Amino acid sequence: FAPNSNVIRIRMSAFQINLNPLKELIGFIKVLQWIASIFAFATCGGFKGKTEILVNCPLLKVNENHTVEAAFGYLFRLNQASFRSHPVVNVCNGNWSSHFLIGNYSSSAQFYVTFAIFVFLYCIAALLLYVGYMNLYRDSHKLPMIDFVVTLVVTFLWLVSTSAWAKALTDIKIATEVMCYFHSVTSMGSLNVSVLFGFLNMILWGGNAWFVYKETSLHSPSNTSASHSQGGVPPPAGI
């Protein structure tokens, strides 16, 4: 009596939680990638800061210094960040809302954060596949290959997006340290961390490419021919 093939397929496709793949490098690194992607988009997308300058009004014969500030943050459209003075103090009788910072760095910031969010979602899907369908993953030729190709693409895009964001961050620092009487600017340590996590993600995905490659048919010889040979004509007996 031959086993029912439909029953075998149902068992293969049934979701069964198995945490053992997380103890292997292919699953453990995926968890690290998931965590690193969270830090990448959180440190960049959640940033809010301001820059302040000192203003003196010699024409009004006032020797007091006042501060005006411009608030900025993600998406880093600095050309829309206008200066404003204290609501009670009219600094130099000027309309500071008509003065803006210079530069628009939204494209690099959006690309970096959006890509990190997509990586975050992909890591969740991949972990569910590893934990619940690892037998189906390893019995399939397409799933490991798709995972390998995606890993290579993501590694390259981490390099591109992080490099673009690092260049934009350098320009943001220059643009917010205005050349008047510079007073202060919010620390951009979290943005520096976002760049570090971008390159860390690239390293993680590049290193994981080898372990995903080992699951593909490019590295492991196909067992299909071996299984067919077992059910075919037996080899001739030795002489």
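The model is predicted; local features need pLDDT of at least 70, side-chain atom pairs pLDDT 80 or more, while totals for chains, interfaces and linings use all residues. Residues are numbered from 1 along each chain, and side-chain values use heavy atoms, without hydrogens and water.

I noted the ranges: α3 covers residues 25–45 and α7 covers residues 189–213. Helices here are DSSP runs (H or I, at least four residues), strands likewise (E, at least two), numbered from the N terminus.

I then read off the packing. The angle is about 160°, and the axes lie 8 Å apart. That makes α3 roughly antiparallel to α7 (angles over 145 degrees count so). Axes are lines fitted to C-alpha atoms over the stretch in contact, with angles from 0 to 180 degrees between N-to-C directions.

Next I listed the contact (heavy atoms within 4.5 Å). From α3, I found I29, F39 and A40 among them. From α7, the residues include F197, W205 and F211. The contact residues divide into 15 nonpolar, seven polar and one charged. Asp, Glu, Lys and Arg count as charged; Ala, Val, Leu, Ile, Met, Phe, Trp, Tyr, Cys and Pro as nonpolar; the others, Gly among them, as polar.

I moved on to the loop between β2 (62–73) and β3 (83–85), where L75 is found. A cis peptide bond joins Y74 and L75, with omega about 25°. Most peptide bonds are trans.

F76 is in the loop between β2 and β3. Its phi is near 60°, a positive value in a residue other than glycine. F76 counts as buried, because its relative accessibility is 0% (buried means under 20% relative accessible area, with a 1.4 Å probe and protein chains only).

Methods:
Parallel < 35°, antiparallel > 145°, perpendicular 65-115°, else oblique. Buried < 20%, exposed > 50% of the residue type's maximum accessible area, 1.4 Å probe, protein only.
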